[in-house]
Amino acid sequence: MKYRLLAGGSVLVLTAALSACSTPSDSAGGDGRTTVDVWLMRDSVSDTFQKEFTADFEKRHPKIDVKIQIQEWDGIGQKITAALASNDAPDVIEAGNTQVAQFAESGGLLDLSDRTDELNGEDWLSGLAEPGAYEGKQYGIPYYAANRVVIHRTDLFEKAGIDAKAIKTREQWIDATTKLNKGGTQGIYLPGQLWYALAGFIWDEGGDLATESGGKWSGALDTPEALRGMAFYEELQALGKGPKDSDEDDPPQAEVMAQGQVAQVISTPGGANVIVEKNPELKGKLAFFPIPGKTAGTPGSVFTGGSDLVVPAAAAHPDEAVTFIRELTGDTWQKKLAVAMSYVPNRTSLASAVAGDPGAAAMAVGAANGHATPNTPGWAAVEAENPIKDYMTAVLTGGDPAKEAAKASQDITRAMNAGS
């Protein structure tokens with residue numbers, strides 16, 4: 001995925017050396033204490049948060065010690081795969097939400113379906129809970145979320161007489177962006193291959209990237225719903241000068257907005273920090289609103305990135321692992337994590353915890369209508385090849401949408417079923 005919180009990607013085969021695995025979890029010692037070995041990812045918690053949580057957890061559970069090892073996102077798929085195939089896996093692992101199905105398919109994860117009630121599963125964010133399940137069983141427990149919002153220039157909006165808070169629908173968004181797209185100002189900088197944004201527009205129309213029937217997946221970009229989503233993307237993309245043949249990283253869109261001629265970008269809120277770093281004159285001139293939906297009562301659909309917590313089938317201390325997860329994903333520490341790290345809490349009922357953080361609050365609104373990519377291990381092959389990007393560029397450069405969508409759908413079908 002393109003940003004840290006979206007850590008899914010191709011998981012390599014079970015060939016990594018056991019040296020990539022964790023150090024063995026300590027067994028219960030003579031004093032009756034058990035050490036729970038936990039892998040958390042870089043930047044998912046701060047040092048201060050980690051210390052405070054660990055101290056509180058060990059005080060509340062005097063027979064359990066916590067050993068947290070911070071892992072790097074780069075290469076984590078291979079490392080987790082190796083750990084799951086070993087006999088010394090950690091007890092708890094943080095995994096990108098789109099990775100869980102791939103790990104579950106291997107049989108390396110513990111089925112936590114019968115623990116969802118005690119883990120507050122009644123109102124988990126669907127964009128975390130759905131990819132955390134595989135073949136009807138729950139393996140991943142939602143941890144935290146992030147999704148894209150609209151970062152906008154408040155000074156340019158004010159100059160154009162636009163109230164960003166009043167933008168609740170796609171139609172209003174197009175009208176505002178059209179007004180902004182004048183003179184030397186781009187109404188929005190939207191690169192042609194930001195397929196996560198396209199996915200949201202497709203979901204808004206009732207479509208999907210791929211559908212499953214009888215155990216076989218098929219690309220669905222050529223459905224009427226998906227074509228309407230692409231048509232809206234094309235309309236919005238035309239209200240700026242974004243390249244039609246690259247994504248948000250080429251060139252980095254935050255750097256483009258920092259140059260001063262862009263009114264809006266679609267990004268995670270953290271992009272605002274990068275923009276200000278590149279152009280300090282924009283400090284205090286950036287704000288956020290959720291991606292608008294088709295109607296005022298429902299925010300736009302968004303791809304929910306983030307993490308789930310899983311327990312390896314080979315975990316030495318599965319009950320203690322669930323206790324750890326229950327505490328970390330419970331009300332108290334979810335609220336503290338959201339405030340400390342500007343994340344969206346794992347449950348809709350906790351959205352108010354980030355009300356004081358404008359970027360996180362905007363994310364939380366969108367997260368209530370969050371989605372995930374098709375929940376199957378085969379999706380990794382699609383992202384590796386990514387015919388969606390080629391499709392988008394083809395349409396934006398004059399190709400026939402229906403023909404290009406049919407071709408891309410065939411490519412998605414082939415990639416998803418290559419191993420079946």
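Tutor: Let's start with β1 (34-41) and β3 (92-96), two parallel strands joined by two bridges; strands here are DSSP E runs of at least two residues and helices are H or I runs of at least four, numbered from the N terminus. Within that pairing, Trp-39 has Ile-93 of β3 as its bridge partner. Before going on, note that this is a predicted model, where local features need pLDDT of at least 70 and side-chain atom pairs count only at pLDDT 80 or more, while totals for chains, interfaces and linings use all residues. Residues are numbered from 1 along each chain as its sequence is written, and side-chain values use heavy atoms, leaving out hydrogens and water.

Zooming out, β1 and β3 belong to an open, five-stranded sheet with mixed pairing, ordered β2-β1-β3-β13-β6 (pairing takes at least two DSSP bridges). At its edges sit β2 (64-71) and β6 (141-146), each of which pairs on one side only. On average, neighbouring strands are turned by 20° against each other, ignoring direction (axes are fitted to C-alpha atoms, for helices over the stretch in contact, and angles between N-to-C directions run from 0 to 180 degrees). Helix α11 (318-328) packs on this sheet, touching β1, β2, β3, β6 and β13 (305-310), and its direction makes about 50° with that of β1; contact means heavy atoms within 4.5 Å.

Now for some helix-on-helix packing. The axes of α15 (387-396) and α16 (401-416) are 9 Å apart at an angle of about 170°, so the two helices are roughly antiparallel (over 145 degrees; under 35 is roughly parallel, 65 to 115 roughly perpendicular, the rest oblique). From α15, Pro-387, Ile-388, Tyr-391, Ala-394 and Val-395 meet Pro-401, Glu-404, Ala-405, Ala-408, Asp-411 and Ile-412 of α16. That contact has nine nonpolar, no polar and two charged residues, counting Ala, Val, Leu, Ile, Met, Phe, Trp, Tyr, Cys and Pro as nonpolar, Asp, Glu, Lys and Arg as charged, and the others, Gly among them, as polar.

Helix α15 has another partner in α8 (224-237): their axes come within 11 Å and cross at roughly 60°, which makes α8 oblique to α15. Leu-227, Met-230, Tyr-233, Glu-234 and Gln-237 of α8 make the contact with Tyr-391, Met-392, Val-395 and Leu-396 of α15. Seven of these residues are nonpolar, one polar and one charged.

As for confidence, the chain averages a pLDDT of 90, with 92% of residues scoring at least 70 (pLDDT is the predictor's per-residue confidence, from 0 to 100). Over residues 1-27, though, pLDDT stays under 50.
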